[in-house]
Amino acid sequence: GRPLETTYQYWMEIISGSGATALQNARLHHKTVRELADSMRDMYILRQIDRELSDTININHVFEMTLDWALRFSNAQSTSLALFDQELNTLHFLFEYGYDLPQEQLNIIRQEYGSGITARVANSGYAEVVPDVSMDPDFVRMATNTRSQMAVPVMREDRVVAVITLDSKKLNGFTDAHLDFVQKLATRAGVAIDNARLYEEAIREREKYAHILNNTADMVMVIGNDERIILINQAALNAMQLFANQDYTRRLASETFEHTELWSTFQRAKDSGENIIEEVMMPNERIFHANLRRFEGIGWIVVMHDVTPYKEMDKLKGELIATVSHDLKQPLSVMNGYIELMIMQQSVTPQGLNSVHMIRKAMQNMRQLIDDLLDLAKIESGIKLNLEPIQLENIIQDCLEQVKPAAQNKAITVINSIGEKMPSIMADRSRMRQILINLIGNGVKYTGTEGWVKVGSEVKGNTLRLAIQDNGMGISPEDQIHVFERFYRVRRPETDNIEGTGLGLAIVKSLVEAHGGQISVESKLGEGTTFYLNLPIPVSKN
């Protein structure tokens, strides 16, 4: 009867309401699962794209992969990628797929009608989806069946570097999901394009520098902190008589040039941690001016310049100077004898006697110059040193005592700050005294009144380092390059009244090198000068 119909209706309403809710929930669940699946698929694809793009530094490969993924995901019929030059406001189409016309005809169309929506996006920097291209006045037809188009800029640091353009045969052929995916793809392509460009620029720079290094006459070599060759140019291979067709990079330095004199120089530089500049004879029997410098994070850079022609010229000049100097000593001795006789006989007036003394002083200066020239020629021709173990403390103290009168005349303080226990070295005593008296004397000579001259020492590995320092007038960087050259004198108003032959430092350098050492200078105008002597300490047999 009737009560049953009411109950039935009641349950039907409850069941239908629950069913509608369940159906709605099922639809929502299906939509969520589908969206999640789409999201997972997008993530998987983007991860795969990231892997592929990170595996390549070839810019053309980057472009090809970018367009391939864009086509596959959007189901477009054709696509292009154009590089954008912001300064010239021009597009250069590098890759095009799916067009009916050949590239030459496409270029002609663009020259006549422009690049359409692609150019608009390049200038605005914003992506565009055109659902119906027939409604867009800027559209330029490249493919016969194109009905909708999407253009996405590739950005790097807020500038457009390229534009990806996709064409579809369908009206409204591109969805928001397509746009989102291609934008993510463009972001990744931008990074990859930048990396590829940087790599290509680095390769070009490396090839340029390699070309310069291989065509320079100077020998250039870079040795890493692990003592393996990083770089070696053709001139170095020739100088060390190595095979030109072999690759020596990553080889141990000992395997590469242990057979040369450069190896012992490199070992000394490495042991002392100091930069070294000296001359070495290479296996090709050429003399090189070697400069070994250490650079943090790189290792050692060795640059060597062939100075053989200069050495040969120097030798001829030295022989000439020695011959002429020797011949000059005889007439000077005769002149000096007659002057002594005139003084002894008192045959000169007091006024004339003053002139005689000036002549005598000029002759003494000339004799000193000749003696220095002969001494230098003797040293450079291969002087034989009387080497013996010596302690430098007493020699340094004697030299300081010898210059004290000249220092006191100028109220200059002479300071001895050498270490208490200096190691003995193998040296010629008289020649070592000559070196030190010259350097300390120069310090007094070129330091103003009430200044100071100091001698210090320290031990660095197997090297004894002496420092002769003053707070005098200093030497300019331009003059520092030449101070060890023969006859070179610093020409400044404050040095005009200082006597000298310009040979002292040349003799000192030759003597130091004859002892197997090096000499260097550091100076600043108005602040003073420091000469450094690096002398080898004999290695104990124990």
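Visitor: About how much space lies in the largest cavity?

Guide: This is a predicted model, and the largest cavity in it holds about 130 Å³ of space. Its lining is made up of 17 residues, and those closest to the centre of the cavity are S115, T118, V140, M142 and Q149. Two elements, α4 (116-124) and β5 (159-168), each supply at least two residues of this lining. The helix α4 gives the largest share, three residues. By class, the lining of the largest cavity has seven nonpolar and seven polar residues, with three charged ones besides.

The second largest cavity has a volume of about 100 Å³. Its lining consists of R268, S272, E274, N275, I276, T463, G516, Q518, N534, L535 and P536. Here the elements that give two or more residues are α8 (261-272) and β17 (528-536). The largest share of this lining, three residues, comes from the strand β17. Sorted by class, the residues around the second largest cavity are six polar, three nonpolar and two charged.

The place of the second largest cavity can be worked out from its lining. Domain 2 (216-382) and domain 3 (388-536) both contribute residues to it, so the second largest cavity lies between these two domains.

As for the total, the model has three cavities of 30 Å³ or more.

How values were computed: Residues numbered from 1 in each chain as written. Predicted model: local features only at pLDDT ≥ 70, side-chain atom pairs only at ≥ 80, totals over all residues. Heavy atoms only, no water. 1 Å grid on protein atoms, 1.4 Å probe; cavity = no way out; pocket = protein on both sides within 12 Å on 5 of 7 lines; lining within 4 Å. Points joined across faces, edges and corners; volume = space filled by probe spheres on them. Helix = DSSP H or I, 4+ residues; strand = E, 2+ residues; numbered from the N terminus. Nonpolar A, V, L, I, M, F, W, Y, C, P; charged D, E, K, R; others polar. Domains from an automatic or database assignment.
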